[in-house]
Structures are given as structure tokens and as C-alpha cells.
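I opened this entry to look up how the ligands are held. I took them one at a time.

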Amino acid sequence: MQNLPGHIAVIMDGNGRWAEKRGLSRSQGHLAGMDAVSSLVGECRSLNIPYVTLYAFSKENWNRPQAEVSFLFDLFLRFVRQEMPLMMKRGIRLGFIGDKRDLPLSVRRALELAMAKTSVNADMMLTLAISYSGREDILQAARRALAAGLSPEELDEKRFRSLMYAPELPDPDLIIRTSGECRISNFLLFQGAYAELYFTPLLWPDFDAQALHDALDEYARRERRFGRTSACAGSVEA
Ligand code: IPE
Ligand code: IPE
Ligand code: MG
């Protein structure tokens with residue numbers, strides 16, 4: 001495939017509606033969503049996409065019923081344990097963005113262990129965004145800059161980024177959101193400034209390899225300009 005994005009970020013939305021449509025519980029929707037995560041990761045790895053970032057739980061998602069939140073965190077734990085052998089086999093390194101302090105200790109430990117174990121892998125970086133907020137990411141970088149006593153002149157974009165979550169991650173080239181909602185929901189607000197946005201009505205558990213290929217085809221057709229004149233524009237002379 002030509003013109004593939006180097007970094008794909010996904011807002012995996014619609015598990016609840018997927019379950020509701022089938023008369024199932026929301027938990028069953030999240031379980032089905034986890035299978036879709038495994039297949040997406042495998043497909044991206046096969047395509048040699050170097051960076052994949054998945055929005056698994058937002059800061060705002062703490063406002064959901066406690067039973068749903070616990071179920072989701074159990075699922076994250078299960079996902080990390082279940083995917084470890086595959087991540088080692090396929091050279092996938094695990095990363096994390098979000099507020100670690102919010103995580104249950106068991107999840108935090110499992111993530112830290114998995115990140116340490118997979119740190120030798122270099123073929124793909126899989127980053128999970130859990131208890132993540134784009135605004136918080138920006139705010140905490142500002143707080144760190146103040147705490148470090150940086151002067152306004154010292155704080156340029158490069159320095160600011162170095163104070164944010166996972167500064168080594170390149171900006172996302174493509175942000176995919178499922179479930180038909182056309183919003184960013186506080187995801188990668190700073191880093192996604194020039195990302196191509198792709199919205200699909202598919203609910204997350206239905207997002208399969210074909211759906212990914214459709215998104216990639218659409219991405220390949222887009223012209224990214226970053227503020228420059230279009231490649232097919234005429235000359236400026238009168
Ligand atoms: C996405 O599916 C999963 C998380 C936000 C954790 P939802 O649970 O938001 O599903 P809908 O939007 O209610 O269908
Ligand atoms: C966005 O989904 C967050 C994740 C996919 C983790 P939500 O379902 O929480 O988003 P809103 O509330 O519809 O904006
Ligand atoms: Mg939702």
C-alpha cells in the first residue's frame with residue numbers, strides 16, 4: 001500500500017450501542033471491542049505501521065457507573081496479559097499516555113511490567129490512552145514548565161512538547177473515530193493539530209480489517225497541506 005500513515009490514532013467508540021442493538025449488556029459490547037483491538041493491532045503490524053495509539057478510557061469516562069468502570073479496568077488487565085506473547089512475537093512495544101495516578105494499582109503494575117518487558121521491541125509502538133485528557137496533557141506540561149522555573153523565552157514548542165505525555169511519539173497522521181460521532185472528545189488536542197480526521201458510522205466491535213483498509217484508502221487520497229498552497233493551485237502572478 002502506498003502513502004500509509006506513520007501514526008494512526010483511534011477513538012474506539014460504540015461498544016455500548018453495538019451491544020444494545022443485539023440485546024446484550026454493555027460489558028459484552030466492551031468484550032467484543034477488545035477482539036476488535038486485537039485484530040486492529042495485528043493488521044497494523046502486518047502493514048508495518050510504526051505507531052498506533054488507542055483511546056481506551058478518557059478522564060471523563062470516570063463519570064460512568066462504577067460497575068462499568070471496574071469492568072473496563074479488568075478488561076485492560078486481561079488485554080495486557082493476553083496480548084503479551086503476541087507483542088513479544090511480533091516486536092510490538094507497549095506505551096501509555098494518561099494519568100497513571102488514577103489507575104488501580106493492579107492495572108498500573110501490569111502496564112508497567114508489560115512496558116518494561118516489551119521495551120526491547122522496535123517494530124511497532126502500541127500506545128494505550130487510559131484516563132487520558134488532551135486538556136490535562138497541555139495543563140500538566142504548563143505546570144511542569146512553571147515548576148521548572150522556565151522563562152517565557154525558554155518555553156518554545158519543542159521544550160513544551162518535552163514536558164507532555166510520551167514526547168517521543170510523533171504526531172498522529174490519521175485519527176479514526178468509529179460510531180458516527182464527529183468529535184474529538186478531548187483526544188490528542190495538541191498533537192492532532194494537523195491530523196487527518198476519519199469518521200465512520202461503524203460501531204467499534206464491527207471495525208475489521210476491511211474497515212481499516214477503507215480508512216487507509218481515504219487517507220491516501222487526502223492532500224495534506226500544512227498551510228501551504230495546494231500542489232494543483234495556479235500561479236500567483238496576475
Ligand atoms: C467506547 O464505547 C468505549 C469507551 C468509551 C470506554 P462506548 O462505551 O462509549 O459505547 P457507546 O458510545 O455508549 O455506544
Ligand atoms: C470517547 O468515547 C472516549 C473513548 C473512546 C475512550 P466517549 O463515548 O466517552 O465519547 P463521548 O462522550 O460520546 O464524547
Ligand atoms: Mg461512546
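I count a polar contact as a pair of N or O atoms within 3.5 Å. The model is predicted.

A polar side-chain atom of Arg-183 lies 2.8 Å from an oxygen atom of ligand 2. The side chain of Arg-177 has an N or O atom 3.3 Å from a ligand 2 oxygen. For Asp-13, the side-chain N or O atom is 3.2 Å from an oxygen of ligand 2. I then checked the cover: on its own ligand 2 has 390 Å² of accessible area, and the protein covers 78% of that.

Which element gives the largest share of the shell around ligand 2? I found strand S2 (residues 51-58), with 4 residues. I sorted that shell into 5 nonpolar, 3 polar and 4 charged residues. Tyr-55, Phe-57 and Ser-58 are among them.

I turned to ligand 1. Arg-26 puts a polar side-chain atom 2.8 Å from an oxygen atom of this ligand. Taken alone, ligand 1 exposes 380 Å², of which the protein buries 87%.

Where does ligand 1 sit? I placed ligand 1 in the largest pocket. Helix H1 (15-21) and helix H2 (26-46) each give two or more residues to its shell. H1 gives the largest share, 3 residues. I sorted the shell of ligand 1 into 3 nonpolar, 5 polar and 4 charged residues.

Last, I checked the site of ligand 2: the largest pocket.

Note on methods: Residues numbered from 1 in each chain as written. Chains lettered and ligands numbered in written order. Predicted model: local features only at pLDDT ≥ 70, side-chain atom pairs only at ≥ 80, totals over all residues. Heavy atoms only, no water. Polar contact = N/O pair within 3.5 Å; in protein donor to acceptor, adjacent residues only side chain to side chain. Areas by Shrake-Rupley, 256 points an atom, 1.4 Å probe, with all protein chains shown as cover. 1 Å grid on protein atoms, 1.4 Å probe; cavity = no way out; pocket = protein on both sides within 12 Å on 5 of 7 lines; lining within 4 Å. Sits in = over half its atoms within 2 Å of the grid points. Nonpolar A, V, L, I, M, F, W, Y, C, P; charged D, E, K, R; others polar. Near = heavy atom within 4 Å.
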